[in-house]
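The following paragraphs go through a protein model by its side-chain contacts.

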Amino acid sequence: MKRFSGVILFFLAILVSAETMDMPDTDLQIVDATNFGCVSLNFAALRYGGDGGSVSLTRCDGANALRGLEAGKFHIALVDEAVIGADFGGKIIPAFYEVLVGYVHLSNAVTDVRQAGISEVWRGVRPGWSALGGNASDIHRYGISSGKNGSEMIESFLKIRTPGRGIVGLNDTAEAILYVSRDPAALALARYQEEFPGESVRMLSVEGIPPSRQNIENGKYPLRRRYVWAVTASAPEAVRKFLPYLSGDEFYRALLAEDLLPAR
């Protein structure tokens with residue numbers, strides 16, 4: 001089979017099942033098992049292809065990604081750490097965290113909420129701050145529009161299928177923070193940003209745990225996932241050559257641009 005560069009294969013990558021695919025003849029077969037599709041991984045594959053390597057990048061769910069990894073169809077899988085069993089015989093390398101945060105105006109008296117309370121508010125028709133321990137005023141809800149960075153995780157973390165009507169959909173965390181900074185009645189759910197401009201916005205604690213980097217890394221903050229690179233024990237030499245593309249300042253900046261928190 002003809003060898004394709006990483007650049008060409010990036011544009012040909014499609015969502016398929018690891019059970020049924022015919023793998024292309026490339027140095028590396030990588031699978032993205034995130035729910036959102038990691039753009040930073042795409043960039044790393046492009047860089048690797050531009051430097052003379054060849055890589056295929058496929059998307060599927062975590063279970064199929066691991067089965068494909070163990071069957072030798074993949075060499076690297078980007079997966080939620082929670083789906084990896086204790087009997088996995090390969091190497092696990094921390095990648096990044098996806099974290100859901102509630103942003104409110106600094107003047108808001110609510111500082112801590114229950115996860116169940118957020119879910120109830122996000123399902124509601126016209127919820128008030130009293131549902132979260134605040135005053136009787138209406139909550140102005142801001143979320144992330146479908147298909148944008150972080151849209152899937154809101155429903156996933158809160159375990160809801162259909163959000164309530166009246167939620168304003170935005171493009172990303174930066175836009176959510178901007179809206180909250182101008183609206184004392186706002187509640188925005190979006191991905192975590194470690195540093196954000198403006199002194200009029202803060203993040204809510206959940207179940208008494210603030211979303212600090214320390215609480216995210218040690219697993220105390222409840223609304224977070226850790227994604228890892230899972231590598232087969234018999235990985236080819238190309239894996240060793242590719243791993244540096246998944247670390248360093250350039251890759252970390254790409255993750256931060258997606259509102260993902262690089263693992264240290």
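Thr34 lies in the loop between strand E1 (28-32) and helix H2. The model is predicted. With a relative accessibility of 4%, Thr34 counts as buried, because the limit for buried is under 20%. Its side chain reaches the backbone nitrogen of Gly37 at 2.9 Å. Leaving aside residues up to four places away in sequence, Thr34 touches Arg59, Leu78, Phe96 and Tyr227.

The centres of the Phe96 and Tyr227 rings are 5.3 Å apart and their planes meet at 35°, so the pair is tilted. Phe96 belongs to strand E4 and Tyr227 to strand E11, so this pair ties together parts that are 131 residues apart in sequence. Phe96 is buried, as is Tyr227. Ring pairs join Phe36 to these residues, giving a cluster of Phe36, Phe96 and Tyr227. Arg191 lies over the face of Phe36, at 4.5 Å from the ring centre.

Arg225 and Glu98 meet in a salt bridge, with 2.9 Å from N to O.

A search of the whole structure finds 11 salt bridges. One of them joins Glu250 and Arg47, with 2.2 Å from N to O. This pair links distant parts of the chain, since Glu250 is in helix H9 (residues 249-257) and Arg47 is in helix H2 (residues 39-50), 203 residues apart. Arg47 is partly exposed, with a relative accessible area of 39%. Another salt bridge is formed by Glu217 and Arg264, whose closest N and O atoms are 3.0 Å apart. Glu217 lies in helix H7 (residues 213-217) and Arg264 in the segment after strand E12 (261-262), so the two tie together parts that are 47 residues apart in sequence. Glu217 counts as partly exposed at 26% relative accessibility, whereas Arg264 is exposed, with a relative accessible area of 71%.

Helix H2 takes part in an aromatic contact as well. The structure holds 9 aromatic pairs. In one of them, the rings of Tyr48 and Phe242 have their centres 5.1 Å apart and their planes at 90°, so the pair is edge-to-face. Tyr48 is in helix H2 and Phe242 in helix H8 (residues 237-242), so the contact ties together parts that are 194 residues apart in sequence. Tyr48 and Phe242 are both buried.

Helix H3 comes next. At the start of H3, a side-chain oxygen of Asp61 reaches to within 3.1 Å of the backbone nitrogen of Ala63. Within the helix (residues 62-70), the residues Gly62, Asn64, Ala65, Leu66, Gly68 and Leu69 are buried. What do the buried residues of H3 pack against? They pack against E1, strand E3 (76-80) and E11. Just after H3, Gly72 takes a positive phi of about 85°.

The last topic is the cysteines. How many disulfides does a search of the whole structure find? The search finds 0 disulfides. For Cys38, the closest cysteine sulfur is that of Cys60, 15 Å away, which is too far for a bond; the cut-off for a disulfide is 2.5 Å. Cys60 is likewise in no disulfide. Cys38 counts as buried at 0% relative accessibility, and Cys60 counts as buried at 6%.

Notes. Residues are numbered from 1 along each chain as its sequence is written. This is a predicted model: local features need pLDDT of at least 70, side-chain atom pairs count only at pLDDT 80 or more; totals for chains, interfaces and linings use all residues. Side-chain values use heavy atoms; hydrogens and water are left out. A salt bridge is a side-chain nitrogen of Lys or Arg within 4 Å of a carboxyl oxygen of Asp or Glu. Helices (H or I, at least four residues) and strands (E, at least two) are DSSP runs, numbered from the N terminus. Buried means under 20% relative accessible area, exposed over 50%, partly exposed in between (1.4 Å probe, protein chains only). Rings of Phe, Tyr and Trp (its six-membered ring) pair if their centres lie within 6.5 Å; planes under 30 degrees apart count as stacked, over 60 as edge-to-face and the rest as tilted. A charge sits over a ring if NZ of Lys or CZ of Arg is within 6 Å of the ring centre and within 35 degrees of the ring normal. A polar contact is a pair of N or O atoms within 3.5 Å; within protein, one must be able to donate a hydrogen and the other to accept it, and residues adjacent in sequence count only if both atoms are side-chain atoms. Contact means heavy atoms within 4.5 Å.
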